[in-house]
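Read this explanation with the structure open beside it. Each paragraph takes up one part of the chain.

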Amino acid sequence: MTASATFCATLVDEWVRAGVTTAVIAPGSRSTPLALALAARSELCVEVFHDERAAAFCALGVGLATGRPAVVLTTSGTAATHLHAAVVEADLADVPLLVCTADRPPELRDVGAPQTIDQSRLFGSATRWYFDPGVADDAMRDAWRAIGARTVAMTCAVRPGPVHLNLPFRDPLVGGADELPAARAAQRPWTTWSGTSREPAALPEGRVLVIGSGPAHGGVPVLAGPRNEIVGPSVIPHGDALLRHVTFRPDVVVRVGPQPASRIVNEWVAASGAHEVVVAPSWRDPSHTAAVIAGSVEFGRADVEWMAEWREAADVAIVAIAGVLDDPATVSEPFVARALLQAMPVGSQLVVASSMPVRDLEWYALPRDDVRVHANRGANGIDGTIATAIGVAIGTRRPTIAYVGDIGFLHDSTALIGVRARDVDLTIVVVDNDGGGIFSFLPQADALDPERFERLFGTPHGVRPEQLAAAHGIASLTIEDPAAFAPALRSTTTTGGVWLIVVRTDRAENVKVHRELNDAVGRALASRRR
């Protein structure tokens, strides 16, 4: 055990020296040597999760919020497989994540030993680097620090992402470490994306539209939502509603940052015929229409008339949407998305779930640059939203809000285990429509008879989120009056601790509200043109 303990202590020492500040541990026996080494370092915030999937998404949240990898550690066997969803998300979203799976030693593999599976390259091509150093041996002592340093360098490389260390340990698993190998003088710093070339890509002449986080000056229209955290005269919100009713013909489209959730926006870009430039750390061109993939771009002279056209249309859409949502008679899901972002305290963090919450936020909320918005949109799954929010809260030490649907809430309910004992300020806002609300917008809703649609897609569950929260000792508020929502959110974020806010909606009415919003924008734009 001395060699294993010393090896693990050396790894942890390298990680701490490189700036790692958080470790998330799922309990297990085989992982004891590394768990003890992590817990021994006062520089690390160590969080323990009963469920491995929740642990992985918590670590993902830390990396998402801070740009620094967190360690996630599990025991061997099926425990390791529960990390896969978070590893996939970290891969596709370019989030640093240091994944450590304990394993049985070679003599216990393929002989029917309990809790033993083939963990070699368990996550396939989703990792930036995979390494199994074998059972710790003093003969490899001089390589231990290099292994620790490389894991951090690879997870924070030009394209950040997950690194997988598979670590076999022999019994006994408990013991003390000897003196560590001498530390090296130089540490590799965090590496950030700097592009595929040294010079920024020069854009062709013509009408330029930016989608995402745009240029600093106000002369180029920037189609942006809350996830882009950019405001100013050039920012054009409500792109989904606008592009349903008006036709703009850009010569150049520059996409910066995450792909919009709106199918309308993405299909419009693909069909526009514009010269399309993607600024991203990895190849992101699902429509196969991008002309250039670049690390940065150089904007030319602004087109004042082009900017004015977008600004005028956006102002019309802003007024039309506000007219529907700012003083409603009943609570709706677009109202919740809009009011939530408006009511968040300055400097707070928002983790928004995939499916309808991220769409409603993008479509109907006005961007802010004084809060941060996160979403697991690498693989666009509903996995781990609450655990990700816990990780964001741990990583930032800021008030954090998780905005999630009822299915996503139930899907990640194991993240609630022990959450009240964590030192986090977290408000979970659940839009509860008793099922999968997004499916009501798809052709299946009209093509199938109601009973079959409900069974296969609507999937009502009958679970009250408040009751589930109460089982974990979490206080909850249920909102029925629209005027009560913002005060409730301000109250929970001011009070601190862990809270649940439940807003009940109806799936069929939700479709009607979305249609009403789009129609309101269409009428307003048509009136402007007359």
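Start at helix 8, residues 263-271, whose buried residues are Ile264, Val265, Asn266, Trp268 and Val269. Buried means under 20% relative accessible area, exposed means over 50%, and partly exposed lies in between, with a 1.4 Å probe and protein chains only. Helices (H or I, at least four residues) and strands (E, at least two) are DSSP runs, numbered from the N terminus. This is a predicted model, in which local features need pLDDT of at least 70 and side-chain atom pairs count only at pLDDT 80 or more, while totals for chains, interfaces and linings use all residues. Residues are numbered from 1 along each chain as its sequence is written, and side-chain values use heavy atoms, with hydrogens and water left out.

What do the buried residues of helix 8 pack against? Their partners are strand 8 (208-212), strand 9 (222-223), helix 7 (239-243), strand 11 (252-256), strand 12 (275-279) and helix 9 (304-325). At the start of helix 8, Ser262 has a side-chain oxygen within 3.2 Å of the backbone nitrogen of Ile264. This is a polar contact, defined as a pair of N or O atoms within 3.5 Å; within protein, one must be able to donate a hydrogen and the other to accept it, and residues adjacent in sequence count only if both atoms are side-chain atoms. Just after helix 8 comes Gly273, with a positive phi of about 75 degrees.

The next topic is how helices pack. Two packed helices are described by the angle between their axes and the distance between the axes. Axes are lines fitted to C-alpha atoms, for helices over the stretch in contact, and angles run from 0 to 180 degrees between N-to-C directions. Angles under 35 degrees count as roughly parallel, over 145 as roughly antiparallel, 65 to 115 as roughly perpendicular and the rest as oblique.

Helix 9 and helix 10 (residues 333-343) have axes 10 Å apart, at an angle of about 110 degrees. Helix 9 and helix 10 are therefore roughly perpendicular. In this pair, Ile321, Ala322 and Leu325 of helix 9 meet Pro334, Phe335 and Arg338 of helix 10; contact means heavy atoms within 4.5 Å. By class, five of these residues are nonpolar, none is polar and one is charged. Here Ala, Val, Leu, Ile, Met, Phe, Trp, Tyr, Cys and Pro count as nonpolar, Asp, Glu, Lys and Arg as charged, and the others, Gly among them, as polar.

In the loop between helix 9 and helix 10 lies Ser332. Is Ser332 buried or exposed? Ser332 counts as buried because its relative accessibility is 7%. Apart from neighbours within four places in sequence, Ser332 is in contact with Leu325, Thr505 and Val513.

Helix 10 also packs against helix 11 (residues 356-364), at an angle of about 70 degrees and with the axes 8 Å apart. This pair, helix 10 and helix 11, is therefore roughly perpendicular too. From helix 10, Glu333, Pro334, Ala337, Arg338 and Leu341 meet Met356, Asp360, Leu361 and Tyr364 of helix 11. The contact of helix 10 with helix 11 has six nonpolar, no polar and three charged residues. Helix 11 is mostly covered, with nine of its nine residues buried.

For another arrangement, turn to helix 3 (residues 52-66) and helix 5 (residues 84-93), whose axes come within 8 Å and cross at roughly 20 degrees. Helix 3 and helix 5 are therefore roughly parallel. Ala56, Phe57 and Leu60 in helix 3 meet Ala85, Ala86, Glu89 and Ala90 in helix 5.

Some details of the backbone remain. Most residues other than glycine have a negative phi, and most peptide bonds are trans. Asp110, in the loop between strand 4 (97-103) and strand 5 (129-131), has a positive phi near 60 degrees. With 84% relative accessibility, Asp110 counts as exposed. Thr459 has a positive phi near 45 degrees and sits in the loop between helix 15 and helix 16 (465-471). Its relative accessible area is 31%, so Thr459 is partly exposed. Where is a cis peptide bond found? One joins Asp171 and Pro172, with omega about -5 degrees. Pro172 is in the loop between strand 6 (162-168) and strand 7 (201-202).
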